[in-house]
Amino acid sequence: MCGLIGIVGTAEVASSLYDGLTVLQHRGQDAAGIATVDGARLQLHKGNGLVRDVFNQPGVRTLHGRIGIGHCRYPTAGSDGTDEAQPFYVNSPYGIAFAHNGNLVNTEQLRREMFEDDRRHINTDSDSEVLLNVLAHELQLNDRNALTPDQLFKAVAGVHARARGGYACLAMIQGYGILAFRDPNGIRPLVLGERVTALGKEYAVASESVALDILGFTRLRDVEPGEGVFISDAGELFTRHCAPEAVHAPCIFEYVYLARPDSMIEDVSVYKARLRMGEKLAEKILRERPDHGIDAVIPIPDTARTAASSLAQALGVPMREGLVKNRYIGRTFIMPGQGERVKSVRRKLNAIDLEFRKKNVLLVDDSIVRGTTSKQIIQMARDAGAKNVYFASAAPPVRYPNVYGIDMPATAELVAAGRTDKEVETILGADWLIYQDLEDLIWAVNDGNEELKHFDTSCFSGEYVTGLDKDFLAQQETLRSDDAKHKRRTA
């Protein structure tokens, strides 16, 4: 899960890229970077930390040019070191700055091919650098003096033929413009927008429509699965489908947790999808416990608030803000290391005792992954004087790793893996635990756009739309477990 933005403008774009990244910060808090082109010179500034920390005023002032791309990263498998901040850059051919959101499932195969067949050196453990070099190699097969939209789309088709996984990519090619493309299954999101200024038309591509909104761009549409979009340095827009037809399966976890509620993804309002999740969850509660005895619904801020509001309304129970969030603490889910996540929960949330005292409370969260946060919050509710603590998840049990760009942990670290709902309830210490049903979650999103027939639900269902090689999940476990990450950081 990372944030991408690219702009081909009519004036300097660095400040707009910075503003766009700040509203995509929820997609990655580990590192950030911006690359711009000014004539024959490419400027690149990146580093670890939040967008506001990486880009001080002097840093932004060096990023000249009316074409640029930006990236904010959260660490996925193989990209949690200090060298993996994006955009990446390769000077041959043409000079390409590259930003990627997602994860490949055939990285090691491509890494071998790069070295043995294509004679390209990969300098980091990041699959993003592998993907950049695949693109660079495909571009190098073209006539150096005839880089046309046709040749660019041919190169994208070459990438699609070789790469498997979930990916949304931006490539800024020096002297030509920005090339954007999305995996054939459309797992990771990418949206296209335009803005008309006194100097002419400008285009932007971003991970979420909210980045376009804040910059005054009109959302045109999502980049289609397998599509290539090229915006030339002259401001011309070219598009082409560059992959064989595949199952269109956007990641459903974007709607549950990752995306901002004010974003539109695949023509579905994330906000309205979450409202429908709450309504469906309320229906299940009323089926299973018509005499539930709930005195108050309390959302776990912030992602669950929308679902909790519609759930409370459907139950006829008041929603209360019983937990106050310290907004200067990052998203717990994407923090590296279990120890850091445990410490951050108490730093991030504080209970308002009077909303819990002597009440039967229903805590509502967007999902339960490791169970670390949920367990601590349930105990906080008890410490605040709650009589009974019920817990509802707007998503189904997470029982399988996500391999397409969300750094869900190794299977053994997922609290619901191999366990019944009742066993998870005991581990968390809840008096009652209720999960959303998968078919209800799918309906909640699909109701916003009935043309969406399939979703990537792999973390809930264990079904991987791209297919996985034998032993892939076992290999990923050696990369993604907290123990493995700790060893890499201390090595």
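1. Let's start with a pair of strands: β16 and β19 (residues 360-365) run parallel and are joined by 4 bridges. Strands here are DSSP runs of E with at least two residues, helices are runs of H or I with at least four, and both are numbered from the N terminus. Two strands pair if DSSP finds at least two bridges between them.

2. A word on the model: it is predicted, with local features needing pLDDT of at least 70 and side-chain atom pairs counting only at pLDDT 80 or more, while totals for chains, interfaces and linings use all residues. Residues are numbered from 1 along each chain as its sequence is written, and side-chain values use heavy atoms, without hydrogens and water.

3. Now widen the view: the open sheet has 4 strands in the order β16-β19-β20-β21, with parallel pairing. β16 (296-299) and β21 (432-435) are at the edges with a single partner strand each, so one side of each has no neighbour in the sheet. From one strand to the next, the twist averages 20 degrees.

4. Helix α12 (residues 372-383) packs on this sheet, touching β19 and β20 (388-393); contact means heavy atoms within 4.5 Å. The direction of α12 makes about 150 degrees with that of β20. Angles run from 0 to 180 degrees between N-to-C directions, and axes are lines fitted to C-alpha atoms, for helices over the stretch in contact.

5. Elsewhere, helices α5 (residues 127-140) and α6 (residues 149-162) pack at about 135 degrees, with axes 8 Å apart. Among the residues making the contact are Leu131 of α5 and Leu152 of α6.
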